[in-house]
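Subject: Handover of a structure

Hello,

I am passing this structure on to you. Please look through it first and then read the notes below.

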Amino acid sequence: MTNALIVIDVQNDFCPGGALAVAGGDEIVGEINALMLSSEVVVLTQDWHPKGHSSFASSHKGKVPFDEIEMPYGRQTLWPDHCIQGTKGAKIHKGLLTEPADMILRKGFRPRIDSYSAFFENDRTTPTGLDGYLRTRGVSSLTLVGLALDFCVNYSAQDAAKLGFDVAVLQSACRAIDLNGSLDAARAAMGAAGVKLKD
Ligand code: VGL
Ligand code: ZN
């Protein structure tokens with residue numbers, strides 16, 4: 001049974017000083033570096049939005065960050081502009097090792113749809129290709145870490161469980177945005193999906 005470490009969105013914009021800073025987002029870097037060095041398969045993900053992305057509040061007249069709107073694929077939280085392709089904010093945090101990564105998967109690059117999950121975009125059907133990559137490498141179990149626990153880690157973990165992977169989320173190596181109870185809701189949803197929540 002091959003295990004893969006999936007490191008979600010440890011990027012400058014999700015760390016203190018970034019556009020969508022997650023409290024303590026940079027504190028997890030050391031623990032993740034150590035995990036990478038002892039993992040057989042390592043995948044990093046990178047939130048990678050074009051300018052004017054539809055998940056940005058600035059792209060919708062009269063909307064402010066953290067409002068919600070109805071998109072053709074369902075409800076979407078609107079965010080501050082973040083992780084714009086080629087900017088400093090989109091770069092992987094400089095403390096995070098990238099040499100141990102076998103693959104860096106970018107997501108959220110389609111202008112009209114967001115992608116929290118590393119497996120499917122927010123319509124929950126458009127695949128990113130990660131499922132095929134992991135299966136063809138013989139991976140059957142996953143350890144997820146990174147940012148943010150209640151959004152991209154949560155969506156990725158639930159999708160991975162639905163796809164049949166044995167999934168653990170290592171919470172000590174995650175930090176959350178915690179928007180209107182989103183952290184408790186995420187933990188409950190991951191638990192119901194069969195994701196193992198580890199401290
Ligand atoms: C994320 C909100 C918007 C995340 C990405 O990485 O959790 N959250 N884009
Ligand atoms: Zn994003």
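The notes below start with conventions and then go through the sheet, the helices, the loops and the cysteines.

This is a predicted model, in which local features need pLDDT of at least 70 and side-chain atom pairs count only at pLDDT 80 or more, while totals for chains, interfaces and linings use all residues. Residues are numbered from 1 along each chain as its sequence is written, chains are lettered from A and ligands numbered from 1 in the order in which they are written, and side-chain values use heavy atoms, with hydrogens and water left out.

The sheet

Helices (H or I, at least four residues) and strands (E, at least two) are DSSP runs, numbered from the N terminus. Two strands count as paired if DSSP finds at least two bridges between them. On that basis there is an open sheet of six strands with parallel pairing, in the order E5-E2-E1-E6-E7-E8. Its edge strands are E5 (103-107) and E8, each of which pairs on one side only. From one strand to the next the twist averages 25°; axes for such angles are lines fitted to C-alpha atoms, for helices over the stretch in contact, and the angles run from 0 to 180 degrees between N-to-C directions.

Strand E1 (2-8) pairs with E2 (41-47) in the parallel sense over four bridges. Within that pairing, Ala 4 has Val 41 of E2 as its bridge partner. The chain gets from E1 to E2 through helix H1, and this β-α-β crossover is right-handed. A crossover is called right-handed if, with the strands pointing away from the viewer, the path from the first strand over the helix to the second runs clockwise.

E1 also pairs with E6, again in the parallel sense, over seven bridges, and Ile 6 stands opposite Leu 144 in E6. Six of the seven residues of E1 are buried, and the strand is mostly covered. Buried here means under 20% relative accessible area, exposed means over 50%, and partly exposed lies in between (1.4 Å probe, protein chains only).

Strand E7 (residues 166-175) has seven buried residues out of 10, so it is largely enclosed by the rest of the structure. Strand E6 (residues 139-147) runs parallel to E7 and is joined to it by six bridges. The chain crosses from E6 to E7 through helix H3 (residues 149-162), in a right-handed β-α-β crossover. Two of the facing pairs are Thr 143 with Ala 168 of E7, and Leu 147 with Arg 175 of E7.

E7 pairs with strand E8 (residues 196-198) in the parallel sense over three bridges. The path from E7 to E8 goes through helix H4 (residues 182-192), and this β-α-β crossover is right-handed. Val 169 has Leu 197 in E8 as its bridge partner.

The helices

In helix H1 (residues 29-37), the buried residues are Val 29, Ile 32, Asn 33 and Met 36. Seen down the axis of H1, they fall within an arc of 105°, so they line one face of the helix. The arc is that of the directions from the helix axis to the C-beta atoms. An α-helix has 3.6 residues a turn, so residues three or four places apart point the same way. The buried residues of H1 pack against E1, E2, E6 and E7, where contact means heavy atoms within 4.5 Å.

H3 is mostly covered, with 12 of its 14 residues buried. Among them are Leu 149, Phe 151, Val 153 and Ala 157. The buried residues of H3 pack against E1, E5, E6, E7 and H4. Just after H3, Gly 164 takes a positive phi of about 100°.

Two loop residues

Ala 23 lies in the loop between E1 and H1, and at 64% relative accessibility it counts as exposed. Its C-alpha atom is 25 Å from that of Leu 142, which is 119 residues away along the chain.

Asn 180 lies in the loop between E7 and H4 and is exposed, at 76% relative accessibility. Asn 180 and Phe 66 are 114 residues apart in sequence, and their C-alpha atoms are 9.9 Å apart.

The cysteines

With a disulfide taken as a pair of cysteine sulfur atoms within 2.5 Å, the count comes to zero. Cys 174 is in no disulfide, and the nearest cysteine sulfur, that of Cys 152, is 11 Å away. Cys 174 counts as buried at 3% relative accessibility, and Cys 152 counts as buried at 7%.

Regards
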